[in-house]
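Biologist: Could you take a close look at a single part of this model for me, and then walk me outwards from there to the rest? I'd be glad of the cut-offs along the way.

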Amino acid sequence: WIDELILYAKIQNGDYIFEVEMPGFTKDDVKVNIEAAGHLNLQGKTTRRGKEVKFGQTYHIPNKADSATAEATLKDGIFRLTLKKKSKHKPKEIKIK
């Protein structure tokens with residue numbers, strides 16, 4: 001069991017970038033979801049030297065991150081999640097009929 005994964009967060013070109021080191025894991029080993037409350041959930045399971053290795057971690061993501069734009073990769077043991085910032089809400093005028 002992996003006790004804790006460290007999440008690195010940064011803003012790059014206006015996007016939120018989250019990275020977690022996951023050596024030995026493949027994209028098929030990892031499940032990712034973002035809950036409406038702004039929680040990023042990562043779960044994974046693989047086998048190393050005949051032993052099962054698992055992890056489960058939850059992180060809070062900023063309210064300004066747009067989960068609908070989520071793109072994730074897992075390459076060379078680095079999981080990377082990119083989220084665009086939500087566009088500023090512009091009031092919409094509603095005509096009365």
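**A close look at one loop**

Modeller: Happy to! Arg 49 lies in the loop between strand E4 (39-48) and strand E5 (51-60); helices (H or I, at least four residues) and strands (E, at least two) are DSSP runs, numbered from the N terminus. Before going further, note that this is a predicted model, where local features need pLDDT of at least 70 and side-chain atom pairs count only at pLDDT 80 or more, while totals for chains, interfaces and linings use all residues. Residues are numbered from 1 along each chain as its sequence is written, and side-chain values use heavy atoms, leaving out hydrogens and water.

The phi angle of Arg 49 is near 50°, a positive value in a residue other than glycine. With a relative accessible area of 86%, Arg 49 is exposed (buried means under 20%, exposed over 50%, and partly exposed in between, with a 1.4 Å probe and protein chains only).

Now from the loops to the charged pairs. Strand E5 spans 51-60, and a salt bridge joins Lys 54 to Glu 52, with the closest N and O atoms 3.9 Å apart; the term means a side-chain nitrogen of Lys or Arg within 4 Å of a carboxyl oxygen of Asp or Glu. Both partners are partly exposed, Lys 54 at 33% relative accessibility and Glu 52 at 49%.

The structure holds three salt bridges. Arg 80 forms one of them with Glu 19, where the closest N and O atoms are 2.8 Å apart. Here distant parts of the chain are linked, Arg 80 being in strand E7 and Glu 19 in strand E2, 61 residues apart. Arg 80 has a relative accessible area of 28% and is therefore partly exposed.

Lys 84 pairs with Asp 15 in another salt bridge, the closest N and O atoms lying 3.5 Å apart. This pair also links distant parts of the chain, from Lys 84 in strand E7 (residues 78-85) to Asp 15 in strand E2 (residues 15-21), 69 residues apart. Lys 84 is partly exposed at 43% relative accessibility, whereas Asp 15 is buried, with a relative accessible area of 16%.

Stepping back, how does the whole chain look? The protein chain has seven strands and zero helices, giving the pattern β-β-β-β-β-β-β along the sequence. Its radius of gyration is 17 Å, well over the 13 Å that the globule rule gives for 97 residues, so the chain is more spread out than a compact globule; the radius is taken over C-alpha atoms, and the rule is 2.2 Å times the number of residues to the power 0.38. Along the principal axes, the C-alpha atoms fill a box of roughly 70 × 30 × 20 Å. Buried residues make up 30% of the 97 residues. Among contacts (heavy atoms within 4.5 Å) with a separation of 6 or more, 40% come from residues 24 or more positions apart.
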